[in-house]
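Subject: Structure handover

Hi,

Here is the structure I promised to pass on. Please open it alongside this note; my findings follow below.

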Amino acid sequence: MLRSCRITLSAAKRSIRDQFQLQVIRHQQTASSMDKFDLPKRLQGSTPSVWNEYIALAMQYKPLNLGQGFPDDAAPEYVTHSLADISKDENPLLHQYTRGYGHVRLVNALSKLYSGLVGKELNPLTDILITSGAYEALYSTIMGHVDVGDEVIIIEPFFDCYEPMVKMAGGVARFVPLKPRKTEGTISSADWVLDDAEFESLFNSKTKMIILNTPHNPIGKVFNRQELERIAELCCKWNVLCVSDEVYEWLVFDGAEHIRICTLPGMWDRTITLGSAGKTFSVTGWKIGWAYGPAQLIRNLQMVHQNSVYTCPTPLQEGVARSFEVELARLGQPESYFLSLPRELKEKRDYMAKFLSEAGMRPTIPEGGYFMLADWTPLSSKVDLSSEPDKHRDYKFTKWMTKNMGLQGIPPSAFYSEPNKHFGEDFVRYCFIKKQENLDKAAELLAKWK
């Protein structure tokens, strides 16, 4: 009997040990399986973007959202009506696939527009690519031209997808920040400049590309001719490709001139210029963009595009084409949307600068675009940021404002590389392409707080 019990106990111990070992093996197999399906090396280190985080924050707290860069007012009627007309058009092909590299009516309209603006005849079939927003134009440009180990110069602050896209291509991002040369009195976006020696030191034999954004997001800087000529000089010296992100090309104020860097001597053959229907016609949800440049450079983008996106929605391309045809007929005339929109935005810009200043902030007055940076640190004594666990002060401030004041901005440190995030921590970014009533509400919120 005793012997039988011992045998039973021994068998039970073996069974428990075997079950434990089986669980260990299964855990190891599961862990191994999860490792196998982790992010590939080219994406490791990627985190959710500031947009995902702040959209979720806005959904939770429902603040007045002056953070995200989209208009909250109606687009021009001729633009939106074009889409309604297309939906009822008798041509059934307007609802089928169109040419992969760009709907013919749209590339023809863009060729007519930009040939006049750059003083060079653009071949609509080889020099222009239609993309899923300027975002994809950036992606196709970077993936199509950057190889493993290539260095890409990025001017800070930068639209936050630049660096991840460079990393995805296997490139090495090199950063140079714009810095304000004055901190008192009225500060213009023109006061944010590059240190020339620091800038020049980044160029070397490994430099493949520089990404330029003018008019600039988030500062609103419109690079002047002298600044662009300096960039062009270094690009020519080191045989560097210039990617010119010009999505805010029509939104310039106070007599500032938007100069397309591809028009400078020696730059056409080394420049890819990016544009956006969303920014041009205030229809950011349409997600139609483009890239133009010499055929030998655009070819690389076509290879990426055809094997990822392939083609963009036909009705939307047709709608953008019809809208451009309206504007081409009145280009340079007062009623042109390309002139009336910046006139309207200048008034909103000045109004925002006024109410931010009255609240105690120090705004940078933008020469272009529809964003405004403001130094919020004069208000430090009014806010208790200890409740916010974020690492960077601008994240703490913008989240505190969202939760306690009902006003949301975007933290500019999101637009800097990790070593340089401190340059953005004293600022908040607001957007002024909003209904006047919403700008009035923002002014009222800040006035009450003061």
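How many residues apart are Arg322 and Glu318 in helix 11? They are 4 residues apart, so about one helical turn separates them. Before going further: this is a predicted model.

Salt bridges first. Arg322 and Glu318 form one, with their closest N and O atoms 2.9 Å apart. Both residues are buried. The pair belongs to a network, in which salt bridges with shared partners join Asp89, Arg105, Glu318, Arg322 and Glu325. Across the whole structure, the search finds 30 salt bridges.

Glu53 meets Lys399 at 2.4 Å, N to O. Glu53 is partly exposed, at 33% relative accessible area. Lys399 is buried, at 9%.

Next, Lys208 and Asp150 meet at 2.8 Å, N to O. Lys208 is in strand 8 (residues 207–213), while Asp150 is in the loop between helix 5 and strand 3; they are 58 residues apart. Lys208 is partly exposed at 28% relative accessibility. Asp150 is buried, with a relative accessible area of 15%.

Now the cavities. The count is 1 cavity of 30 Å³ or more. The largest cavity has a volume of about 40 Å³. Its lining consists of Ile155, Pro157, Phe158, Phe159, Tyr162, Ile211, Asn213 and His216. By type, that lining has 6 nonpolar residues, 2 polar and no charged.

Best wishes

Notes: Residues are numbered from 1 along each chain as its sequence is written. This is a predicted model: local features need pLDDT of at least 70, side-chain atom pairs count only at pLDDT 80 or more; totals for chains, interfaces and linings use all residues. Side-chain values use heavy atoms; hydrogens and water are left out. On a 1 Å grid over the protein atoms alone, a cavity is a set of points where a 1.4 Å probe fits but cannot get out, and a pocket is an open set with protein on both sides within 12 Å along at least five of seven lines; lining residues have an atom within 4 Å of a point. Grid points are joined across faces, edges and corners, and a volume is the space filled by probe spheres set on the points. Ala, Val, Leu, Ile, Met, Phe, Trp, Tyr, Cys and Pro count as nonpolar, Asp, Glu, Lys and Arg as charged, and the others, Gly among them, as polar. A salt bridge is a side-chain nitrogen of Lys or Arg within 4 Å of a carboxyl oxygen of Asp or Glu. Buried means under 20% relative accessible area, exposed over 50%, partly exposed in between (1.4 Å probe, protein chains only). Helices (H or I, at least four residues) and strands (E, at least two) are DSSP runs, numbered from the N terminus.
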